[in-house]
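Biologist: I have just opened this one and could use a guide. Could we go through how to read it, feature by feature?

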Amino acid sequence: MKSVDDHLGEILATVRTLAPLELELERALGTTLAEEVTSPVPLPPFDNSAMDGYAVRSADIADATHDRPVTLPVVDDVAAGDGQLHAVGPGHAIRIMTGAPMPAGADAVVPVEWTDGGTVTVVVNRTAAAGNAIRRAGEDIRAGDTVLHPGIVIGPTQLGILAAVGRRRVLVRPRPRVVVISTGAELAEPGTPLGDGQIWESNSFTLCAAVRQAGGEGFRASIVPDDASALLDQLDAQLVRADMVITSGGVSMGAYEPVKEALGPLGTVRFERVAMQPGMPQGFGVVGEDQVPIFTLPGNPVSSFVSFMLFVLPALRKMRGLPAGPPDTVTALTTAPLRSPQGKRSFLRGKLATSPDGHATVAPVARQGSHQLAALALADALVVVPEDVTELPEGSTVQVIPL
Ligand SMILES: Nc1nc2c(c(=O)[nH]1)N[C@H]1C(S)=C(S)[C@@H](COP(=O)(O)OP(=O)(O)OC[C@H]3O[C@@H](n4cnc5c(N)ncnc54)[C@H](O)[C@@H]3O)O[C@H]1N2
Ligand code: MOO
């Protein structure tokens with residue numbers, strides 16, 4: 001049997017990083033920046049007020065106190081967005097709003113709270129040092145400075161700075177488009193009645209959601225019955241919009257294995273047994289003219305999800321231009337004994353917690369079958385048990401993949 005590490009290694013050697021393209025900011029969330037972004041102007045672009053108040057010459061209010069306030073005539077008014085030239089002469093004040101350009105001659109802003117709020121004259125009852133409540137041009141970024149480096153994932157604040165430096169479009173590696181095809185004659189659409197021998201299809205919902213959380217766009221294709229030519233037709237139809245395809249089901253040893261039957265003859269997809277549980281039957285390769293990577297995951301719901309975490313997620317990271325490798329783990333102590341088959345790496349479902357003395361602990365969930373999706377839904381971690389370990393007593397130190 002092939003090792004988990006070898007399988008992932010082959011996948012990462014095959015999958016290619018997506019080519020960059022220019023996207024509108026509205027579509028760039030979750031993409032990976034593919035250019036160095038600099039600011040064409042300083043930010044702020046001009047000296048401006050940090051508070052609502054009065055622009056003054058600080059020397060004019062140097063002696064102001066509560067008991068001996070200073071009264072200044074208010075000669076002008078400047079709001080944010082005001083493009084006119086304003087100037088404060090000696091002994092004068094200009095009413096100013098947050099974000100408004102500083103008038104020439106003023107070297108301080110007195111917040112309205114330190115005054116009587118007057119509009120004809122203003123009574124100032126505190127001194128303000130030169131520079132008070134002024135935001136200087138360029139104190140966030142200078143013109144020409146780099147604000148974002150390539151390789152970062154664009155989140156809400158990165159979109160904010162892109163807009164703040166005037167960008168409307170940005171060069172990014174897009175979110176990979178992933179088509180998920182579930183196969184199986186027994187599968188019924190959730191929301192429709194179940195016939196005899198049927199179950200509601202769930203894997204595509206899990207996998208599309210997992211794709212989305214992993215920074216891709218998941219598309220559910222309609223269910224394909226156990227029919228190889230129907231699967232090939234579906235693939236043909238879907239490949240135009242796919243950077244990756246995931247199928248579930250139809251890859252083990254049954255009499256009706258449409259995925260194997262359809263893709264085996266192409267010669268570009270390998271079906272293998274990987275030394276892991278769950279998720280032993282795996283297939284991976286490329287399809288179509290564009291050599292789109294395809295994962296054929298086992299149909300058991302827990303198996304397909306675990307396979308996603310171990311193999312598809314790192315592949316998506318590589319496609320996005322991010323560092324890609326095995327999932328990150330944390331160390332925890334088990335709260336119950338564990339069993340695992342000899343020669344296979346197990347990924348048991350568990351719940352992470354912290355013990356009273358501050359150690360991470362992991363409690364295996366009660367039902368560990370590959371079909372036991374309800375137990376998976378209660379878990380928040382996969383406990384990794386190495387290939388050569390068959391039993392672990394309670395209190396063992398294990399590696400855990402947080403979900
Ligand atoms: N003789 C053998 N039988 C099986 C072996 C084996 O080595 N020899 N391997 C077992 C293991 S391990 C797994 S995992 C499964 C994988 O089977 P398939 O990938 O062919 O999947 P199916 O047979 O189509 O389905 C398995 C199971 O999962 C349910 N399923 C499938 N798709 C969905 C879906 N989209 N939503 C919800 N549930 C789904 C399906 O009804 C089956 O119960 O094979 C074992 N057998
Ligand atoms: O590998 Mo199967 O995934 O054990 O159920």
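Modeller: Start with burial: a residue is buried if 20 or more other C-beta atoms lie within 10 Å of its own, exposed if 12 or fewer, and partly exposed in between, with C-beta atoms placed from the backbone. Before we use that, note that this is a predicted model, where local features need pLDDT of at least 70, side-chain atom pairs need 80 or more, and totals for chains, interfaces and linings use all residues. Residues are numbered from 1 along each chain as written, while chains are lettered from A and ligands numbered from 1 in the order in which they are written.

Biologist: Then try it on L392: buried or exposed, and why?

Modeller: L392 counts as buried because it has 21 C-beta neighbours inside 10 Å. It belongs to strand β27, residues 391–392. Strands here are DSSP runs of E with at least two residues, helices are runs of H or I with at least four, and both are numbered from the N terminus. L392 and V172 are 220 residues apart along the chain, and their C-alpha atoms are separated by 46 Å.

Biologist: What is the C-alpha separation for G218 and R177?

Modeller: Those two are 41 residues apart along the chain, with C-alpha atoms separated by 6.2 Å. G218 sits in strand β16 and is buried, as 23 other C-beta atoms lie within 10 Å.

Biologist: How do I tell which strands are partners?

Modeller: Two strands pair if DSSP finds at least two bridges between them. Take β13, residues 177–182: 4 bridges join it to β16 (217–220), running parallel, and V178 faces G218 there. Another 5 bridges, again parallel, tie β13 to β17 (244–248), with S182 opposite S248. As for cover, 5 of the 6 residues of β13 are buried.

Biologist: What is the strand order in the open sheet of 5 strands?

Modeller: It goes β8-β5-β7-β6-β9, with mixed pairing. β8 (108–111) and β9 (121–124) are at the edges with a single partner strand each, so one side of each has no neighbour in the sheet. Neighbouring strands are turned by 40° against each other on average, direction ignored; that uses lines fitted to C-alpha atoms, with angles between N-to-C directions running from 0 to 180 degrees. Inside this sheet, β6 (70–78) and β7 (93–96) run parallel over 4 bridges, and V74 stands opposite A93.

Biologist: And which strands are at the edges of the open sheet of 3 strands?

Modeller: The order is β1-β12-β2, paired antiparallel, and the edges are β1 (21–24) and β2 (32–33). β2 meets β12 (169–173) over 2 bridges, where T32 is across from R173.

Biologist: Now a helix, please. Where does α6 bend?

Modeller: A bend at a residue is the angle between axes fitted to the seven residues ending there and the seven starting there. Helix α6, residues 301–319, bends by about 45° at F308. Of its 19 residues, 17 are buried, and just after α6, G321 has a positive phi of about 80°.

Biologist: Which residues other than glycine have a positive phi?

Modeller: A133 is one of them, with phi near 55°; it is in the loop between β9 and β10 (134–135). Q291 also has a positive phi of about 55°, in the loop between β20 and β21 (292–297). A133 is buried, with 21 other C-beta atoms within 10 Å, whereas Q291 is exposed, with 12.

Biologist: And how do I read what surrounds a ligand?

Modeller: A residue is near a molecule if its C-beta atom, placed from the backbone, lies within 6 Å of it. Ligand 1 has 27 residues around it, the closest being N203, G249, S252, P298 and G299. The elements giving two or more residues to that shell are α3 (203–213) and α6. By class, the shell has 9 nonpolar, 15 polar and 3 charged residues; Ala, Val, Leu, Ile, Met, Phe, Trp, Tyr, Cys and Pro count as nonpolar, Asp, Glu, Lys and Arg as charged, and the others, Gly among them, as polar.

Biologist: What about ligand 2: which residues are around it?

Modeller: Q277, P278, G279, M280, P298, N300, S303 and S370. That makes 3 nonpolar, 5 polar and no charged. The peptide bond from Q277 to P278 is cis, with omega near -5°, and P278 is in the loop between β19 (276–277) and β20 (281–287).
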